[in-house]
Amino acid sequence: MLLKMNPQEFLQFLKNEKINRFYFVYEKETKTVKPSHPALQELADFIQNDKRDFMEHEGAFFQISSAYDVLQGAFVHRTNRGQAAGGVRFWQYDSMEDYLRDGLRLAKGMTRKNALAGLWWGGGKAVMAHNPKYDKMDPQLRETVYTDFGKLMTSIRGCYVTAEDVGTSVEDMAHIFSQTRFTTCIPEQLGGSGNPSAPTALGVVSGMEAALNFLKMGTLKGKIVAVQGMGHVAEPLIGFLFEKNVKKIIAADIDARLVEQVKNKFADRNLEARTVNTDDASILFEACDIVAPCATGAVLNPQTIPNIKAKIICGAANNQLENAQRDGKALMETGVTFVPDFLTNRMGIVNCADEQSGYIDNDPFFTRHLDREWEHSIFRTTLKVLNDAQQNNQSPVDVAVRLADELSLQDNPIYGHRGEKIIRSLVQMNWQDLG
Ligand code: NAD
């Protein structure tokens, strides 16, 4: 019953039960998910029995925002490598099932992205359920909701470190930072690392070069690339690709103003750009060497895959495969080399990862992701994944997931599996009663 409620109905239920904060924590010894309150057992059972998105997540901590009916939750998947890290999403959900699933799925995804990137970080994600009775863009609402979220971060004692994600802006990050040290992606003027979109584009270029190398197709010079989306990542990507002397770029976006802007910027280059409707996926079907999805997720599916002519797909968009196993296999069978997105689009999180350690020019902790020497660089990891996939007749996504899951179980060389201990301490101190 609780599962089918929308987050607003669920908040009412919580208020009736006089619950302001609650948690679900995984008890390894008994392999059970324990709720903070008996009234929430149904949700704990759902999480524990879910085969799709639950993967022994260490814990999830929730609160109701102080002045607004907004549910805020921090999902901690795995902390062997270090504090769980990942952004905070502000999104609308139809049911508590959708809300919980999104948090679990996204947190697990961050564990994989961080581990494959060789970061000493675990994986987590926060999700806030937008309440449609409010104007989401109301500055007063945003200030309160994100300030409260910062307090939630402090209260969970650093088992999770937050960052920017869909629905959250850098101004919102400043509100979080006013309440907690457990955040990254803060504004540049407060010591943050700034907009990660250009670094993300550089990571995509590295992935493309690795895929070309794998297929013995040489370098980017002279290649034709089709780019879906012309936004924050795609625009610098187009610039970097021209610097690599690609022959031609074909690009599409649904935003006519943006298309004109990017066209003007590269007026002296061989860029063919067009405005498309939201349901027009024709850019993916161009006769070219590489397709780079840089717009939205789930664009690779049974409707689009049979029409793809490129040899390589490598882009920044998150979750490009509608169904990872099914569509990964379909691409393999049609002879398209797919570079998993969570491998190439890591530079956003890498950009934030070392904010606490200060800045130097050409920081090796940043540049090594883009070189060819470091074993966890995008180039070397992509080559390893593509080679393993070929040898074992598996899809690159399956191989990347396996590799990431192995890496994610390595304990942090300094702190060990400290996040688990933090979570245990929260349970012991009755965290749910303190807020
Ligand atoms: P963005 O919003 O700036 O750009 C996305 C663009 O795609 C927009 O201009 C939008 O109009 C366009 N678009 C939407 N639907 C489209 C469609 N059907 N066809 C063509 N164009 C369409 O976002 P961004 O920051 O450039 O990120 C792009 C993708 O990369 C997203 O999926 C994002 O989650 C992912 N990503 C971004 C970063 C980063 O550093 N910005 C890091 C990791 C992953």
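Me: By class, what residues does the shell around the ligand have?
Reply: The shell around the ligand has ten nonpolar, ten polar and one charged residues, where Ala, Val, Leu, Ile, Met, Phe, Trp, Tyr, Cys and Pro count as nonpolar, Asp, Glu, Lys and Arg as charged, and the others, Gly among them, as polar. This is a predicted model, in which local features need pLDDT of at least 70 and side-chain atom pairs count only at pLDDT 80 or more, while totals for chains, interfaces and linings use all residues. Residues are numbered from 1 along each chain as its sequence is written, and side-chain values use heavy atoms, with hydrogens and water left out.

Me: And which residues are the closest to the ligand?
Reply: Of the 21 residues that surround the ligand, the closest are Thr200, His232, Val233, Asp253 and Asn318, with a residue taken as near if one of its heavy atoms lies within 4 Å of the molecule.

Me: Which helix and strand each supply at least two residues of that shell?
Reply: Those are helix H6 (197–214) and strand S10 (248–253), both being DSSP runs numbered from the N terminus, with at least four residues (H or I) for a helix and at least two (E) for a strand.

Me: Where is the bridge partner of aspartate 253?
Reply: The partner is threonine 275, in S11, and S10 and S11 pair in the parallel sense over five bridges, two strands being paired if DSSP finds at least two bridges between them.

Me: What's the strand order in the open sheet?
Reply: The six strands run S11-S10-S9-S12-S13-S14, with parallel pairing. Strand S11 (271–275) and strand S14 (337–338) stand at the edges with a single partner strand each, so one side of each has no neighbour in the sheet.

Me: Changing topic, how many disulfides does the structure hold?
Reply: It holds zero disulfides, a disulfide being a pair of cysteine sulfur atoms within 2.5 Å.

Me: Is cysteine 314 buried or exposed?
Reply: Cysteine 314 is buried, with a relative accessible area of 0%, and cysteine 294 counts as buried at 11%, where buried means under 20% relative accessible area, exposed over 50% and partly exposed in between (1.4 Å probe, protein chains only).
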